[in-house]
Amino acid sequence: MGAYNVLHTKVTCPNCTSGYTGRIQFKVGEVWQYDYQIGDVLKVTPGDTALLGVDVMVYGISENPVCPACDFSNGEEYDILIKDLTIVECKLMVDPSLYLSVNQGCYYFLPVGPKTQPGQLNEAPGSKF
Ligand SMILES: [Zn+2]
């Protein structure tokens with residue numbers, strides 16, 4: 001049982017198209033059961049600048065993937081896009097393998113400027129200034 005934050009976001013059931021509020025757990029920034037919605041600014045530990053000014057994709061896992069209207073089981077894994085600490089969007093995960101072996105599988109940095117090869121995403125971003 002680790003701590004995690006929760007993103008409350010609207011999920012549209014692909015089976016019956018009804019919407020409901022999904023609870024998506026994720027671990028990035030300061031992790032302490034904080035509740036977030038799309039558009040919120042992520043809390044980070046004071047002095048932690050790793051996520052400032054960069055885009056990260058965060059691994060999210062749904063607490064309630066089953067549609068309350070039709071019992072259809074939606075996807076459990078989500079990509080949560082965070083740009084410069086602002087939670088921008090949350091979509092069904094495209095490629096879980098992108099999370100392997102980086103940052104405990106919790107998130108990965110998106111390439112900025114020249115393309116960065118997967119697996120070499122640990123160079124310090126934000127070195128623009
Ligand atoms: Zn449904």
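**Exercise 1. Determine what share of the contacts in the protein with a separation of 6 or more comes from residues 24 or more positions apart.**

Solution. Residues 24 or more positions apart account for 61% of these contacts. Two residues are in contact if their C-beta atoms, placed from the backbone, lie within 7 Å. The structure is a predicted model, in which local features need pLDDT of at least 70, side-chain atom pairs count only at pLDDT 80 or more, and totals for chains, interfaces and linings use all residues. Residues are numbered from 1 along each chain as its sequence is written.

**Exercise 2. State the secondary structure of the protein and describe how strand E2 pairs.**

Solution. Step one: the protein has zero helices and seven strands. Helices (H or I, at least four residues) and strands (E, at least two) are DSSP runs, numbered from the N terminus.

Step two: E2 (residues 19-26) pairs with E1 (residues 5-12) in the antiparallel sense, over eight bridges. Pairing requires that DSSP find at least two bridges between two strands.

**Exercise 3. Identify which residues touch the most other members of the largest nonpolar core, and trace the surroundings of Val-58.**

Solution. Step one: a nonpolar core is a set of buried Ala, Val, Leu, Ile, Met, Phe, Trp, Tyr and Cys residues joined through C-beta atoms within 7 Å. A residue is buried if 20 or more other C-beta atoms lie within 10 Å of its own, exposed if 12 or fewer, and partly exposed in between; C-beta atoms are placed from the backbone. In the protein, 22% of the 129 residues count as buried.

Step two: the largest core has 18 residues, and Leu-7, Phe-26, Val-28, Val-56, Val-58, Ile-80 and Ile-82 touch the most other members. Two or more residues come from each of E2, E4, E5 (77-83), E6 (86-92) and E7 (107-109).

Step three: leaving aside residues up to four places away in sequence, Val-58 touches Phe-26, Val-28, Ile-80, Ile-82, Cys-106 and Tyr-107.
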